[in-house]
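Here is a walk through one protein chain, from its overall fold down to single residues. Keep the sequence and the model open side by side.

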Amino acid sequence: MSMAIIASPMAAKHLPANPASQAASLLLATGARQTRARVEVLAALLRAGEALTHNEVERRLRRGHDVDRVTLYRVLEWLTEQGLAHKVSGGDRVWRFSAAGHARAPGGGHAHFECSCCGKVICLDEARLPSIPLPAGYRRRDIDVTVRGRCDQCPA
Ligand SMILES: [Zn+2]
Ligand SMILES: [Zn+2]
């Protein structure tokens, strides 16, 4: 395995606003091969602004940029391994992928919000995670904090 240079969140701030070129720049920074599928899937996640299931990514790609299911699964796992995306499980236990937030930190390193009405999951990048004291000898691996409620698109 070669050493990959991962784009830091600092660098991400200077990236172009267009999700496709932003995706291309982030992939370039990993030093890995840029495939059309990688660019398209990452661009779809960046564009979404919320965490997407495999199916949701697939649906968003279909508009002119179809990627077969197996490739899509592989690309999403690869993006996660590269720290360009992270996984978050919703109340339905289905994995969702997000390119937002502090992607590389274990467990996303940030809290999430899940809408109980439409099922949308977003990264709460600004929220500080609580430090929870553990019994002596216990070690934290990651932390999963999800706030549940209603999003701004759902009727009160
Ligand atoms: Zn909602
Ligand atoms: Zn997140």
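Start with the contacts. Two residues are in contact if their C-beta atoms, placed from the backbone, lie within 7 Å. Among contacts in the protein chain between residues at least 6 apart in sequence, 49% join residues at least 24 apart.

Some ground rules come next. This is a predicted model, in which local features need pLDDT of at least 70, side-chain atom pairs count only at pLDDT 80 or more, and totals for chains, interfaces and linings use all residues. Residues are numbered from 1 along each chain as its sequence is written, while chains are lettered from A and ligands numbered from 1 in the order in which they are written.

How confident is the predictor? The term pLDDT is its confidence in each residue, from 0 to 100. The mean pLDDT of the protein chain is 83, and 83% of its residues reach 70 or more. Residues 1-13 fall below 50; beyond near neighbours in sequence, this stretch has 16 contacts in the model. Where pLDDT is low, the predicted coordinates should not be read in detail.

Now the fold. The protein chain holds 5 helices and 5 strands. Both kinds of element are DSSP runs, numbered from the N terminus: helices are H or I with at least four residues, strands are E with at least two. From the N terminus on, the order is α-α-α-α-α-β-β-β-β-β. Burial is counted by neighbours. A residue is buried if 20 or more other C-beta atoms lie within 10 Å of its own, exposed if 12 or fewer, and partly exposed in between, with C-beta atoms placed from the backbone. Of the 156 residues in the protein chain, 29% are buried.

Look at helix α3, residues 36-48. It has 13 residues and reaches 18 Å from first C-alpha to last, close to the 18 Å expected at 1.5 Å a residue. The expected span is 1.5 Å times one less than the number of residues. Helix α3 is mostly covered, with 10 of its 13 residues buried. Among them are Arg 38, Glu 40, Leu 42 and Leu 45. What does the covering of these buried residues include? It includes α2 (19-30), α4 (54-61), α5 (69-81) and β2 (95-98). Just after α3, Gly 49 takes a positive phi of about 70 degrees.

Take the partner α4. Helices α3 and α4 pack at an angle of about 105 degrees, with their axes 10 Å apart. That makes α3 roughly perpendicular to α4. Axes are lines fitted to C-alpha atoms, for helices over the stretch in contact, and angles run from 0 to 180 degrees between N-to-C directions. Angles under 35 degrees count as roughly parallel, over 145 as roughly antiparallel, 65 to 115 as roughly perpendicular and the rest as oblique. On the α3 side, Glu 40, Val 41 and Ala 44 meet Val 57, Arg 60 and Leu 61 of α4. The residues of this contact divide into 4 nonpolar, no polar and 2 charged. Here Ala, Val, Leu, Ile, Met, Phe, Trp, Tyr, Cys and Pro count as nonpolar, Asp, Glu, Lys and Arg as charged, and the others, Gly among them, as polar.

Move on to the strands. Arg 93 sits in the loop between β1 (86-89) and β2. Its phi is near 65 degrees, a positive value in a residue other than glycine. With 6 C-beta neighbours inside 10 Å, Arg 93 counts as exposed.

Finish with the cysteines. Cys 115 is in strand β3, residues 111-115. Cys 115 is partly exposed, with 19 other C-beta atoms within 10 Å. Beyond four places in sequence, Cys 115 touches Lys 120, Gly 149, Arg 150, Cys 151 and Cys 154. The C-alpha atoms of Cys 115 and Cys 154 are separated by 8.4 Å, although the two are 39 residues apart along the chain.

Cys 118 belongs to the loop between β3 and β4 (121-124). Is Cys 118 buried or exposed? Cys 118 is exposed, with 10 other C-beta atoms within 10 Å. Cys 118 and Cys 154 are 7.1 Å apart, C-alpha to C-alpha, and 36 residues apart in sequence.

Cys 151 lies in the segment after β5 (146-149). With 16 C-beta neighbours inside 10 Å, Cys 151 counts as partly exposed. The C-alpha atoms of Cys 151 and Cys 118 are separated by 8.1 Å.

How values were computed:
pLDDT is the predictor's confidence in each residue, from 0 to 100.
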